[in-house]
Amino acid sequence: MSTFILFTFEFDSFIPGKYYDAEHNPEGVINMATAENSLMTPELLQHIHSHFHLDPVHLKYRVSLLSGFYPNTEQALRTYINETFHPRELITSDQIVPGPGLGALYAQFIWHTCDEGEGVVITTPYYGEYSSFPRDSGYHARVKLVAAHIPRDVDPLSLAAIEYISAAVEASNASGTRIRVVILCNPHNPLARVYPKETILAYATLAEKFDLHLLVDEVYGNEVFPSTVVPNPTPFESVLSMDVGSLTDCDPSRIHVLAGPAKDFGVSGLKVGVFVSQQNGDMVKLIRASLGPIPISSASDSIMATVLNDSKFRTWFLEENRIRLTKAFERVAGWCDFHKISYEPASAGVFVLLDLDPILERLSGKGASDEVKVDNGVRIMLDNGVFLRATIGAHDQIPTRFRMTFTLPPDTMLLALRRLEKAFGLREGWSS
Ligand SMILES: Cc1ncc(COP(=O)(O)O)c(C=O)c1O
């Protein structure tokens, strides 16, 4: 039996009791830590209820679905990525693998690219502290997520970050943890903005230099939005749309992409994602084979196919989602401005990073360590029925930041902000 245990606790153990539910558990804790998007849920449910019906085939193995006359996500996801990410060459069926969420696809990828004890490098702060990238590197590949620490005065998305990644790779290789993969999350989680093209190309050059795979997680690619805070956000460009082979000396077979409709369609629970690799057919075959025991469920597959195949609805939905993201973000930005809470100007994804340092210091007293301030802040938030996750565990260079999901249903969001005001002893008077 394995003696490898990376973490012994579960996400749920952070939130005592059952989550908030307006009807069933109004006193429960509102979870603002998980990147879930509820802004378009009513419209999506309406579409699903009027277009999708459970048929016998949805209760059977997925192969029955794929071999029959029913719509399935294999084709629908390809069209969705081709039409929204504009790859240089259209993605073909042998370049894409659908799977039960990005985390599962990531874990398979790491298993195929690394041996036990090897490493994957990523800049700080990154997505996940105990779960997510660290968890999915550790289980089942037993691979270490190696943090490339970016100093506070350097933008992790800028070209200036590259030298810190190189240094981390060299140090890790020298210490015996051979780095095999570099991860780039574009748009960034948790910084909530898009990488400039020049940095993406510099990652490709770095991958070639150190003989690495470059895995680009583009799950928020369809969720870039303008606002009064960031009127002209950097437009999202998928690495699939770049001629990396000509623009750099990187062999394009090193480049792979993770994507999917989970965040932009607010369907994280359906567990549908895709792995795309246009120049590395062997990798595609390996990942497809290893997903055998963990396919997407037939029902999820068909629901998503029904939604994505309706191109008129899909196009409207993605556009309307961005409009609502703007509105939801501006509401939270207004709240932060009113309370003089500093935040990272978000222009992509479903969350915003808040720096709560002055509040935490007031709550814990001057001189308290960052860890004490953060722990105390979390406890006080929980006592007041709301939970935000601190990014200190993801080696954030600003250790007093918390990631707040702003895409809860609008009335739940308002209640959560009111609970935070109470928890932090903030002044009254903000109206949404
Ligand atoms: C950047 C990023 N990648 C992957 C995932 C995990 O996706 P899934 O739920 O499809 O496993 C998330 C979820 O929050 C994410 O933010």
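This is a predicted model: local features need pLDDT of at least 70, side-chain atom pairs count only at pLDDT 80 or more; totals for chains, interfaces and linings use all residues.
**Cysteines**

I searched the whole structure for disulfides and found 0. For Cys-114 I looked up the closest cysteine sulfur, which belongs to Cys-250 and lies 16 Å away, so the pair is too far apart for a bond; the cut-off that I hold this against is 2.5 Å between sulfur atoms. Cys-250 is likewise in no disulfide, with the sulfur of Cys-114 as its nearest cysteine sulfur. I then checked burial, and Cys-114 counts as buried because its relative accessibility is 5%, while Cys-250, at 2% relative accessibility, counts as buried too.

**Helix α10 and its partners**

I took helix α1 (residues 41-51) against helix α10 (residues 298-309), and noted an angle of about 105 degrees with the axes 10 Å apart. That angle makes α1 roughly perpendicular to α10. On the α1 side I listed Leu-44, His-47, Ile-48 and His-51, which meet Ile-303, Thr-306 and Val-307 of α10. Sorted by class, the contact of α1 with α10 holds 4 nonpolar and 3 polar residues, and no charged ones.

I next looked at helix α3 (residues 73-85), whose axis comes within 8 Å of that of α10 and crosses it at roughly 40 degrees. The two helices, α3 and α10, are therefore oblique to each other, and I recorded their crossing as left-handed. Here Thr-73, Ala-76, Leu-77 and Tyr-80 of α3 meet Asp-301, Met-304, Ala-305, Leu-308 and Asn-309 of α10. The class count for the contact of α3 with α10 came to 6 nonpolar, 2 polar and 1 charged residues.

**Helices α4 and α9**

Which angle do α4 and α9 make when they pack? I noted about 120 degrees between helix α4 (residues 102-113) and helix α9 (residues 281-290), with the axes 10 Å apart. At that angle α4 is oblique to α9, and α4 passes α9 in a right-handed crossing. From α4 the contact draws on Leu-105, Gln-108, Phe-109, Trp-111, His-112 and Thr-113, and from α9 on Met-283, Leu-286, Ile-287 and Ser-290. By class I have 6 nonpolar and 4 polar residues in the contact of α4 with α9, and no charged ones.

**Ser-38**

I located Ser-38 in the loop between β1 (30-31) and α1; it counts as partly exposed because its relative accessibility is 24%. Leaving aside residues up to four places away in sequence, I found that Ser-38 touches Thr-407, Leu-408 and Pro-409. I also looked up Gly-260, which is 222 residues from Ser-38 along the chain, and the C-alpha atoms of the two are separated by 16 Å.

**Backbone geometry**

Is Ala-192 buried or partly exposed? With a relative accessible area of 1%, Ala-192 is buried.

Arg-142, in the loop between α5 (132-138) and β4 (144-148), has a positive phi near 60 degrees.

Conventions
Residues are numbered from 1 along each chain as its sequence is written. Side-chain values use heavy atoms; hydrogens and water are left out. Buried means under 20% relative accessible area, exposed over 50%, partly exposed in between (1.4 Å probe, protein chains only). Axes are lines fitted to C-alpha atoms, for helices over the stretch in contact, and angles run from 0 to 180 degrees between N-to-C directions. Helices (H or I, at least four residues) and strands (E, at least two) are DSSP runs, numbered from the N terminus. Angles under 35 degrees count as roughly parallel, over 145 as roughly antiparallel, 65 to 115 as roughly perpendicular and the rest as oblique. Contact means heavy atoms within 4.5 Å. Ala, Val, Leu, Ile, Met, Phe, Trp, Tyr, Cys and Pro count as nonpolar, Asp, Glu, Lys and Arg as charged, and the others, Gly among them, as polar. A crossing is left-handed if the near helix is turned anticlockwise from the far one by less than a right angle, and right-handed if clockwise.
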